[in-house]
Every structure is written in structure tokens, then in C-alpha cells.
Amino acid sequence: MKKTQRIDPLADLAPGSVCRIVSLELSGLLRRRILDLGIVPGTLIRCIRRGPSGDPTAYLVRETLIALRSEDAAQISVRTLLNGEECV
Amino acid sequence: MCAMTSPRSLSEVWSEAEVVRKSFPHSFSDQIVTDIYGNVEQITKQVLSKKESKRYIFDQRVDDVVTSKWFGYPLMLLLLVIVFWLTMTGANLPSRLLSSGLFAFQDQLTLWFQWIGAPAWVHGILVLGVYRTLAWVIAVMLPPMAIFFPLFTLLEDSGYLPRIAFNLDHIFKRSKACGKQSLTMCMGFGCNAAGVTSCRIIDSPRERLIAILTNNFVPCNGRFPTLIVISSIFIGGAFAAPYSGLVNALAITGLILLGIGATLLVSWLLSLTILKGEPSSLVLELPSYRRPQIGAVIYRSIIDRTLFVLRRAIIITAPAGALIWVLGNIHMGQESMIAYLAHYLNPFGQLFGLDGFIVMAFILGIAANEIVLPILLMSYLSTGYLQDFASLDALRTVLVSNGWTWLTAINVLLFTLFHWPCSTTLLTTNKETGSKKWVLLSFALPTLTGLTVCFLLTQGARFLGLV
């Protein structure tokens, strides 16, 4: 299985694609909330769907569906996995 | 290393540790959380076996419809309308039964008071004042709440509510507020006090305050009857029979949308001025859909919400009932205190296209919005105790003979939508924010909005010679 080495912001992920969290650039209360939900470096995350106006976006992490705004998701770096290396 | 040779104070060690910790800005705490989750993953892998569930696929199918571009919004509106319709039609009969039962008991109370030979004023304050007002509030308030809250809790329990926040978040984002505010507003439709309490679901303190301060901009169950009655007399009633119902429904929907618009505008203004600061964000969990647990729904809606709100309303309404009776029955010369105060307030009311009696009814109605219209009737008819109206036509006659025009009616509708929160809501705001300053602001915001809107409309209409 080959991995792409490119690092992208989570917000750029298209619905359906799976990726692995690389780092969180968030701060403060939001960072705490995100960490509490188990969105930590190394976690697999799948982009599920966008809201009716394109924002927020729902992600599947650890079998839980969590919606994030694009501004916040832009501060989470991920590495996209090709061929769905592992499924969430 | 050197700790053995030269003992150092704890604070020195502490500051050194701080320097080391700060040299890895986030990665240190990240590592801890990552390790914790790593451990958890390993443990669950060993002890948990799961089958591939169809549940996820079912959730996806439902979400495809519920959050879709085309069906998402109409579905929300439809559900809102259904909940209102069920609440209002369903509450009719129990309300009537309750009020006839409770008022029949009032006659019995009167007999007992006569039997023990209580003075008239004691009977007046306790029975015509406290009891009658309480009975009124319970009869008008309890059935709609006992229907609205379970319906709302049902939607909550099924997992649908977070989808509303998901759909509407982008609008709240523009007002620099949180999408979950849409849920606290929905709750506010049932009762603003419950709505204020529900603001606890919002994580950020700033966004929570915005939601608390603006909750009163959506009309609660206590104000809907006033809105519906006044609008069916003066707006729906202005059209011929087949259209009047439709026009009335449109008018009410328009008022609700106006309230929602005002919520967004005021939220935005607050974010620009006194509640600036941390940028807003949203972390919203979208749980799996599931069959609501009936027991939990009934417990949460009846015990936690309905009885909670009712208890607070009763605590406040009882003394208010006594006060209203006293004001309606102590005479200064020819008129009661209410009439006297109303004449005093009249010039002020006229500025905003209202009159002194209306202003007085709203002021006394701070106890509970349900009693605004009964107080108004009581003062127009100078009966001394809360009045029911026999029919819409009878009410229309009373109002018109007291100088109401279409402009008065619209101003009353607007002022019902935009005025101070009821005392229960104020009390709850105090409890939730812990500060008199925010209570004052939650009082001032809708009041100033209402006064401004009514003033501009009235002066504009008079300037153009429409009235």
C-alpha cells in the first residue's frame, strides 16, 4: 500500500476520502474539544458530507460523526490515504 | 543532576519545568492525549467484538435526505409547523377543561370564604387575585407546554435536532454565533426560560451569552395566543372568509421570521460590540438515529422542563396576581389604580402607537406573558379581575371601542414579539449568567428593539397620513 506524502488541510478533503491526522494547529478551547473527541495525530478520519450550503462538513472519527466548520478544519493537517489503506 | 548537591526551592524546579514544557508548545499535551487514545484503542481491540452494522448505512440514507440542499430546509420548516399545529390544536381542549375546572373551584373557594366570614378584601386578594391569576396561567400554560416539550424531546431523542444545527450553522456563522443557537431558539418557542437554560449546550462562553441574551427574540408559547388572537382579528379578519385563515398563518409565520431575523441581527451586533473576542467555532456531534425511549422522553419533558418552568412561573405569578387585584381595586377618585397609572402612561404609549392601558398590561404581564391580554381586557372593562373573552367578535368590539386601529394592532403584535422577557426568564438568566449586568442587558435589548420598531412605524404611518 502506498501513501501520498502530501500534507493537506482537513478542510480540502472531498466527501468520501479517508486520511490520517498529522497535526493540529488549533488553539484554546477548540483545541481541547477536538482532542477530547479523540481527534489526535495518527487518527483516521473520513470526510462524509457537507452541509446544505457547503459548510459545515461532517467527518467520521472513531465511529462518531462530528461536524466542523471549514475555518476550523483548515487548521488540522492531514495526509490523504490512497486506496483506503485502512477503513474507518 | 545537581539536585543532590545544592537543594533548590520548589518554585525554581517548577519554573525550570515550565521552560522545558513551553519549548514544546503543543506536542507534549498532544502526546499524552494520543497515548491515552492509543491505549484505549488497544484495549478495545482486545475486548470488543462488533459486527458490521447496517445502522451506519441507515444513518447515511436518512442524512442524505435530512441534510440535503433541496429537502433539508423545507423539512425543518414542515416539522416546525407540525409541532406548532399539534401544540395549539392539541392544547385547546385540555386548556378549556382545566380553566372551567379551576374556575369552578374558584366559586367553591368564594363560598368557603363567605362561610368563614372573611372580609371582602381578603377574598379579593387571595381568590380573585392570587388564585384566579394562577388558575389562568396554569390553564393557558400547562397544556401547550405538556405537548410542546415532549414533541421537542422526541425530536431530540431521535437524533434529528443536531441536524438542524448542522443545516443552519452557516447562517449563525455569519452572525459570529454558534449553530447550536438554532436549537436554543427552538426551545425558546416552547418557553424562553427553558430556552435560556438550554444555552448550556453551547461550549464557548461568549456564544452562550449571545444565545442567552437573544433568546427572547423568538416568541414563546405564552405569547403565541396573543399573537394569534390579535392577528386573526385585525390581519386575518381584514380578508374574506376563505383567505383569512391563510393570511393569518402567513402573518404569524412572518412574525416568527422577523423574530429570527432580529435574533441574527442582534447576535451579530453583540459580536461586533460588547461580546467581541474569541472567534466562534462549532464542534457538533451528529449522533446515530435511534428510536426514542418513551420513558426518558416523558421524564425529561415533563419533570425537567414542564414542571420546572411551571414551578417558577407559579412562584412569580402568585404575588403578581395579588398586586394586579390591588391595582385594579384600589380607587383613586373615580378610577382604579390601573386606570390612573394607564392615563399617566398614555402619552408615552401614544408615541409608540400603543395606549396607556396596553403599556400597563405589558408591565404587569412581566409576571407571565399569558396574562397580558386578560389584564388588558380587565382594565378596558374596569372589572377588577382577569377577564376571559366570549368570542373574537366580542373582543374586537371591546378593542375597537377603545380606539384600536390596524396600526395599534400591528404595534401590539410587534411589541409582543419584542419586549422585556417575563420574570421567569429574567430569573433564569440571572441564574445562568450569575450577573445582574447581563440580566439588565437581556431586558434592554428586546425592549429597545420593540420601542424603536413601533416608534418608527407609528411616526412613519402618521407622517404619511395613513392613520
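**Labels and their grounds**

Mentor: Chain B has 19 helices and three strands. Keep in mind that this is a predicted model.

Trainee: What are the dimensions of the box that the C-alpha atoms of chain B fill?

Mentor: Roughly 95 × 60 × 60 Å, along the principal axes. The accessible surface of chain B is about 23,600 Å², and carbon and sulfur atoms hold 70% of it. For chain A the surface is about 3,800 Å², with 50% on carbon and sulfur.

Trainee: How many residues does chain B have, and what share is buried?

Mentor: Chain B has 467 residues, and 49% of them are buried. In chain A, buried residues make up 52% of 88.

Trainee: Why is B:G353 called buried?

Mentor: The cut-off is under 20% relative accessible area. B:G353 has 8%, so this glycine is buried. Its place is the loop between α13 (337-351) and α14 (356-364) of chain B.

Trainee: Which residues are in contact with B:G353, leaving aside neighbours within four places in sequence?

Mentor: B:T408, B:N411, B:T458 and B:R462. Contact needs heavy atoms within 4.5 Å. B:L93 is 35 Å from B:G353, C-alpha to C-alpha, and 260 residues away in sequence.

Trainee: Why does B:D63 count as buried?

Mentor: Its relative accessibility is 1%, so B:D63 falls in the buried class. The limit is under 20%. B:D63 sits in helix α3 (residues 55-66) of chain B.

Trainee: Which residues are in contact with B:D63, beyond its neighbours within four places in sequence?

Mentor: From chain A, A:R49 and A:L65; from chain B, B:S68, B:R163 and B:Y289.

Trainee: How many residues of each chain are in contact across the two chains?

Mentor: 36 from chain B and 35 from chain A. In chain B, B:Y37, B:F166 and B:V283 lose the most area to chain A, together 22% of what that side buries.

Trainee: How is the size of an interface often given?

Mentor: As the accessible area lost when the parts come together. Between chain B and chain A that is about 2,900 Å², and carbon and sulfur atoms give 54%.

Trainee: Why is strand β2 of chain A described as largely enclosed?

Mentor: Five of its seven residues, in the stretch 18-24, are buried, so β2(A) is largely enclosed by the rest of the structure.

Trainee: What makes β2(A) and β3(A) a pair?

Mentor: Pairing asks for at least two bridges. β2(A) and β3(A) have three, in the antiparallel sense. A:C19 stands opposite A:I45 in β3(A). β2(A) also pairs antiparallel with β6 (residues 76-81), over five bridges. There A:R20 has A:R79 as its bridge partner.

Trainee: How do you know that strand β4 of chain A is mostly covered?

Mentor: Five of its five residues, 57-61, are buried. A:T57, A:Y59 and A:V61 point one way, while A:A58 and A:L60 point the other.

Trainee: Which strands pair with β4(A)?

Mentor: β3(A), residues 44-50, pairs antiparallel with β4(A) over five bridges. β5(A), residues 64-68, is also antiparallel to β4(A) and is joined by five bridges. A:R49 has A:A58 as bridge partner in β4(A). A:Y59 stands opposite A:I66 in β5(A).

Trainee: How many residues lie between the strands in the hairpin of β3(A) and β4(A)?

Mentor: Six, and A:G54 in the turn has a positive phi of about 95°. The hairpin of β4(A) and β5(A) has two residues between its strands, and A:R62 takes a positive phi near 50°.

Note on methods:
Residues are numbered from 1 along each chain as its sequence is written. Chains are lettered from A and ligands numbered from 1 in the order in which they are written. This is a predicted model: local features need pLDDT of at least 70, side-chain atom pairs count only at pLDDT 80 or more; totals for chains, interfaces and linings use all residues. Side-chain values use heavy atoms; hydrogens and water are left out. Buried means under 20% relative accessible area, exposed over 50%, partly exposed in between (1.4 Å probe, protein chains only). Helices (H or I, at least four residues) and strands (E, at least two) are DSSP runs, numbered from the N terminus. Accessible areas come from the Shrake-Rupley method with a 1.4 Å probe; for residues, only the protein chains shown count as cover. Buried area is the accessible area (1.4 Å probe) that two parts lose on being put together, summed over both.
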